[in-house]
Amino acid sequence: MSADQKVILGIFVIYLALNAIIGIVFSKRQGSKQHVSSEKKFFIGGRNMNGLLLAMTTMATYTSVSSFISGPGAAGLTYGYAQAWIATVQVPVTFLVLGVLGNKLAMVSRRTGAVTVVGYLKARYKSDALVIITSLLMVAFFMAQMIGQFTGGATLISSITGLDHVVSLLIFGAVVIIKSRGRTCRN
């Protein structure tokens, strides 16, 4: 490993550590203020997230690995500047969808006590078959999404630091687990 890669690795480790610490500290602070079930804290943020925060969370999810790996690759190799238009359109569409549909979904969810999308569908359509099919599809698609996220994160770490891909994957996975444990273990 070259001297430059060691410096980059050091900065990156400090960044990851600070990111995990800030997440855990704010999670503890927020968790002590809320008096709702752990399920509601995890799935819907204790029902105290406003639309802007929800839209920003959704955009952060979208702009994670795709903005560093697949977006530039698609822009440079396949679609050119058209890829920039695709990415640009997705931002206002997310805000529009959450602004228009989000309030309606929130009102119905509060009235029915639904916490998840599947719970909302069950309360709205009262169909066990729909709940099972939707759950299986969501698990399949979320697994595919998470594989892409973890692979992209490991590729990013590996390319920046020169570490082996497996080691980079373990680092990325450890940070994700530490941050998510900090969010979900507060009662």
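Just after helix α7, K126 takes a positive phi of about 50°. That is a positive value in a residue other than glycine. K126 sits in the loop between α7 and α8. At 67% relative accessibility, K126 counts as exposed. Buried means under 20% relative accessible area, exposed means over 50%, and partly exposed lies in between (1.4 Å probe, protein chains only). Helices (H or I, at least four residues) and strands (E, at least two) are DSSP runs, numbered from the N terminus.

This is a predicted model, in which local features need pLDDT of at least 70, side-chain atom pairs count only at pLDDT 80 or more, and totals for chains, interfaces and linings use all residues. Residues are numbered from 1 along each chain as its sequence is written, and side-chain values use heavy atoms, with hydrogens and water left out.

Helix α7 spans residues 117-125, and V118, Y120 and L121 are buried in it. Seen down the axis of α7, these buried residues fall within an arc of 155°, so they line one face of the helix. The arc is that of the directions from the helix axis to the C-beta atoms. An α-helix has 3.6 residues a turn, so residues three or four places apart point the same way.

The structure holds one salt bridge. A salt bridge is a side-chain nitrogen of Lys or Arg within 4 Å of a carboxyl oxygen of Asp or Glu. Here the side chains of K122 and D128 meet at 2.6 Å, N to O. K122 is partly exposed, with a relative accessible area of 42%.

Which two residues form an aromatic pair? The count comes to one such pair, and F150 and F172 form it, edge-to-face, at 5.2 Å centre to centre with 90° between the planes. F150 lies in helix α8 (residues 128-161) and F172 in helix α9 (residues 165-184), so the pair ties together parts that are 22 residues apart in sequence. Rings of Phe, Tyr and Trp (its six-membered ring) pair if their centres lie within 6.5 Å; planes under 30 degrees apart count as stacked, over 60 as edge-to-face and the rest as tilted.

S168 is also found in helix α9. S168 is in contact with A154, I157, S158 and L163, leaving aside its neighbours within four places in sequence. Contact means heavy atoms within 4.5 Å.

Relative accessibility for residues in these helices and in α6:

| Residue | Relative accessible area | Class |
|---|---|---|
| S168 | 0% | buried |
| F172 | 21% | partly exposed |
| F150 | 23% | partly exposed |
| V97 | 40% | partly exposed |

**A nonpolar surface patch**

V97 is found in helix α6 (residues 82-112). V97 belongs to a nonpolar surface patch with V89, V93, L96, V100, L101 and L105, with about 600 Å² of accessible area together. Patches are made of residues with over 30% relative accessible area and no salt bridge; like charges are joined within 9 Å, nonpolar side chains (Val, Leu, Ile, Met, Phe, Trp, Tyr) within 5 Å. Accessible areas come from the Shrake-Rupley method with a 1.4 Å probe; for residues, only the protein chains shown count as cover.

**The whole chain**

The chain has nine helices and zero strands. Of its 187 residues, 22% count as buried. Its accessible surface comes to about 12800 Å², of which 71% belongs to carbon and sulfur atoms. Among contacts in the chain with a separation of 6 or more, residues 24 or more positions apart account for 56%.
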